[in-house]
Amino acid sequence: SVTPWFTGTDETHLPQFAWFAVNAGSQVRPIGLLRPNPLGLFDAAGNVYEWCHGSSEGGKFVLRGGAYNS
């Protein structure tokens, strides 16, 4: 995508595709309730963070994505 979001340039469309502080009600939501992204994938953004190992030195991790409370 060449736009800020895969939904285009209008951020007001984001709650149709991803759970975050605006629409999640401070809780994790079941998957598949919102619209899929252009690739047909549901829940590819928001809802819960993804913990990724970020260093070969150990002890360091990276959070990816967003969560229902951010």
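This is a predicted model: local features need pLDDT of at least 70, side-chain atom pairs count only at pLDDT 80 or more; totals for chains, interfaces and linings use all residues.
## The chain as a whole

The protein chain has 70 residues, and 21% of them are buried. Its secondary structure consists of two strands and zero helices. Strand E1 covers residues 50–53, and strand E2 covers residues 61–64.

The accessible surface of the chain is about 5100 Å², and carbon and sulfur atoms account for 57% of that surface. Contacts between residues at least 6 apart in sequence can be sorted by their separation: 27% of them join residues at least 24 apart.

## The cavity

A probe the size of a water molecule, rolled over the atoms, shows where empty space is left. In this model, a search of the whole structure turns up one cavity of 30 Å³ or more. The volume of the largest cavity is about 30 Å³.

The lining of the largest cavity includes Phe6 and Phe17. It also takes in Arg35, Pro36, Asn37, Leu41, Asp43, Ala44 and Ala45. By type, the lining residues are six nonpolar, two charged and one polar.

## Asn37, a residue of the lining

Asn37 is among the residues that line the largest cavity, and its place in the chain is the segment before E1. Its relative accessible area is 14%, under the 20% cut-off, so Asn37 counts as buried.

Which residues does Asn37 touch, not counting those up to four places away in sequence? They are Phe6, Phe17 and Ala44. Phe6, Phe17 and Ala44 are also listed in the lining of the largest cavity.

## Asn23

Asn23 is also found in the segment before strand E1. With a relative accessible area of 18%, Asn23 falls under the 20% limit and is therefore buried.

A polar atom of the Asn23 side chain lies 2.9 Å from the backbone nitrogen of Phe20. When residues up to four places away in sequence are not counted, Asn23 touches Pro15, Ala18, Arg29 and Leu34.

Gly32 belongs to the segment before E1. Is Gly32 buried, exposed or partly exposed? Its relative accessible area is 39%, which lies between the cut-offs of 20% and 50%, so Gly32 is partly exposed. Gly32 touches Phe42 and Asp43, with residues up to four places away in sequence left out of the count. The C-alpha atoms of Gly32 and Phe42 are separated by 5.6 Å, and the two residues are 10 residues apart along the chain.

The phi angle of Ser26 is near 60°, a positive value in a residue other than glycine. Most residues other than glycine have a negative phi.

Gly66 is located in the segment after strand E2. Which residues is Gly66 in contact with, leaving aside its neighbours within four places in sequence? The contacts are Gly46, Asn47, Val48 and Tyr49.

Gly66 can also be placed relative to Ala21, which is 45 residues away along the chain. The C-alpha atoms of Gly66 and Ala21 are separated by 9.6 Å.

Conventions. Residues are numbered from 1 along each chain as its sequence is written. Side-chain values use heavy atoms; hydrogens and water are left out. Helices (H or I, at least four residues) and strands (E, at least two) are DSSP runs, numbered from the N terminus. Buried means under 20% relative accessible area, exposed over 50%, partly exposed in between (1.4 Å probe, protein chains only). A polar contact is a pair of N or O atoms within 3.5 Å; within protein, one must be able to donate a hydrogen and the other to accept it, and residues adjacent in sequence count only if both atoms are side-chain atoms. Contact means heavy atoms within 4.5 Å. On a 1 Å grid over the protein atoms alone, a cavity is a set of points where a 1.4 Å probe fits but cannot get out, and a pocket is an open set with protein on both sides within 12 Å along at least five of seven lines; lining residues have an atom within 4 Å of a point. Grid points are joined across faces, edges and corners, and a volume is the space filled by probe spheres set on the points. Ala, Val, Leu, Ile, Met, Phe, Trp, Tyr, Cys and Pro count as nonpolar, Asp, Glu, Lys and Arg as charged, and the others, Gly among them, as polar. Accessible areas come from the Shrake-Rupley method with a 1.4 Å probe; for residues, only the protein chains shown count as cover.
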